[in-house]
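Q: I am new to this structure. Please show me how to read its contacts, one feature at a time.

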Amino acid sequence: MKNKFPHHPIRRLLLPIVALGLFSATAQAQTQSDVSGAITTTSDLAGFNFSPGINSSTYTTYTSPAVRATVEQIAAALSEQLAGGGLAVAATDIPGTSIPRSVQRALQDLLTADANAAEVSSQFEQALINAPGAANTAENTTLVRNLTSKLQGLIVDSRVEALQLRAAVEAYNAVIDASSGETLGSPPPELLAIRAVLSRLVAAASEERK
Amino acid sequence: MRTLKLAIYILAALATYNLSAAANASPSFMKEPDVKQSSPQRLNSSVLQLLSSTPQLPNPTNTKQFSKRASDLAQAATLSDIQGNWAESFIQALVARNIIQGFPDGTFRPEQPVTRAEFAAMLDKAFQKNSIREAVTFSDVPTSYWGSEAIQKAYQTGFLAGYPNNVFLPNQNIPRVQVLVSLANGLGLSTTTAPTDILTNSFQDAAQIPDFARTPVAAATANRLVVNYPNVALLNPNQVATRADVAAFIYQGLASAGTVPQLSATDVASSYIVGYQPPTTTPSSGAAPTTPQQTEDLRAQFRLPLPPVIEVVRVGVFSGTTIASPTAFGVQYGDAFIGASLQSRTRRSHSADGTAAVGFGLGDARRYVGLETVLALVDLSDPFQDGTVSFKLHRLITKDFAVAIGFENAIRWGSPDGGSSIYGVASKVFTLDSDFRNPLSRLTVSVGVGSDRFRSESDIRRGNDGANVFGSVGLQVIEPASLIADWTGQDLSLGISVIPFRGVPLVITPAVADVTGNAGDGPRFVLGAGYAIRF
């Protein structure tokens, strides 16, 4: 049986296995009852539970349930203040400044994604884009619109998602970093209102674990 | 009486509308310079400026159109006893808004006391607040009383409360401290500074403030509602409030809410406002530019820190993605499983059949390869008499894509009713929603080629060797359940795989094999059950 079997090492290893399989095939019964039901020759019988990389998901949240509860309480209080026109500015370094009630109500509509959120979003955008000293550039417009989009629906039923709050603060800081000294020296009430809300929510989310 | 009430409603509505219109007018109205840049004269010019900034109102110089608002303006300009009064600016502004009115004889009587009912009526016209509590019946305020509705509204909106035993004392002269408490409570004012600090620093007579009033008065002070005449440092809390006092307090309340502009620094009345600070300058094209350092300082002042957050990894328990065909995923070192399969009847027979299995893993499918070894006992009536051992070598290419080669029933003892098969398979998970708790979160597709039991039915019948394609699709419809379609090479199986107990890795997979009757003698019920073990 000269050269009947190939001499390649891999083929030498595989050949007996294949031969075993072929031999087994010729020895089977007709019903194949042992292989025609639910599979019992692999771990698939136990479901898709052996791939931890895909059998898990990651989500972002506050540092503790207590912090989340505090944030929600503050969010509820802010909604009431905005509705009643009682929102105070965040900083005591802006004396004598109040936020018009119309601005507060508009902000509430934006934060709660009210039916007219798109309209008030445009109102806020125009106020920030046209603020004295604001750069009339496409980049500035983009930053402002990003901020209003992140604020829209930030507070829904007093719930504030951690990731969305973080994104809103990032967008707000981006607008601040692009603002001129003239704008920040006499900030429009819309900016003050946004700052007042975000600063309180951030303060609530920054409380230490209890 | 009904007619009078209706007239009051209409007047209040007009006042409210005008007030709202003024408040929501063009930005130029809300910005301070319009007031600041006005000449430091009587408020008449400022009032007319407000009028000109409110487009809905007629031109006051047009004598042919003399609206109610113009009439109010005219009244404000002609009240005979407020000229030169310390509160003239406050009074003029509120009269112009119809929040407070003069008497028919053309006087205002600024030193006259104000009753609680009169104050409630002023609140009704000045502030539009939502109700925060249910109405209550005051025993001394019949519905026929002229101020009954204003009193109820003041109560429901939180501005005023009654006395014990549900009395309101509507004709009682209201003390200054009560006015301030009322405004602070109704407007929801607060302060972060300790009340004692505010009161002792602001008023020489702070000790006279009743205990119940200290916190709200402190809040009113911090928000610059308090106006003290003639001595700004003397609150005189228990002194009866005059019409001038109330006009000043209400105006400051409106200013704190942004409804009216703050008085300019050149207005005499501003010198009596406790804690008064001039309105902030609105920048204009002529404003002095800031230095780069000043700008950066402002930015640093305005920036907010990012809220601290954490990432939580949630590991789930998942149902199966196949019924009778292998996938490319498998156990590795530290994993094991046990399970069983039941057929209501086998092909071309009426006999039920069952198989038990146990398996474990070696290796690391993510870094190298994983080796899965499974022992199956195919005759439950006499375990260990007939059995097989199968192997699967699998590799995770990415976290959601794997490939494997397998040798099913590589080792056989006794008389198992099934041959040995070699196969290769690839599996891919399509994540439809990153949160697997949501419906329709993932779709798993497996496709392979195998010999022997994977051959077509016709090849099996004819005894032909060869290979054939098999595959399965599993859709996770909800977190604990998946729908499965499985082609074994000969027949199509449809089934569902479920996790009956949340968090417990027990998987039950009932299915119907050969739904199309392509192999054997028609559909058969099969059931698989497996329990995943991770050490």
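A: Start with the polar contact: a pair of N or O atoms within 3.5 Å; within protein, one must be able to donate a hydrogen and the other to accept it, and residues adjacent in sequence count only if both atoms are side-chain atoms. Here the side chains of B:Thr322 and B:Asp486 are joined by one of 3.0 Å. The side chain of B:Thr322 also has a polar atom 2.7 Å from the backbone oxygen of B:Ser325.

Q: How are the model and its labels to be read?
A: The model is predicted: local features need pLDDT of at least 70, side-chain atom pairs count only at pLDDT 80 or more, and totals for chains, interfaces and linings use all residues. Residues are numbered from 1 along each chain as its sequence is written, chains are lettered from A and ligands numbered from 1 in the order in which they are written, and side-chain values use heavy atoms, leaving out hydrogens and water.

Q: Is B:Thr322 buried or exposed?
A: Buried means under 20% relative accessible area, exposed over 50%, partly exposed in between (1.4 Å probe, protein chains only). B:Thr322 counts as buried because its relative accessibility is 3%.

Q: Which residues does B:Thr322 touch?
A: Contact means heavy atoms within 4.5 Å. Leaving out residues up to four places away in sequence, B:Thr322 touches A:Asp44, B:Thr327, B:Ser472, B:Ile484, B:Asp486 and B:Thr509.

Q: What does A:Asp44 meet in a salt bridge?
A: A salt bridge puts a side-chain nitrogen of Lys or Arg within 4 Å of a carboxyl oxygen of Asp or Glu. The partner of A:Asp44 is B:Lys392, at 3.5 Å, N to O. Between chain B and chain A the count is two salt bridges.

Q: How many residues does the contact take from each chain?
A: Chain B gives 113 residues and chain A gives 85.
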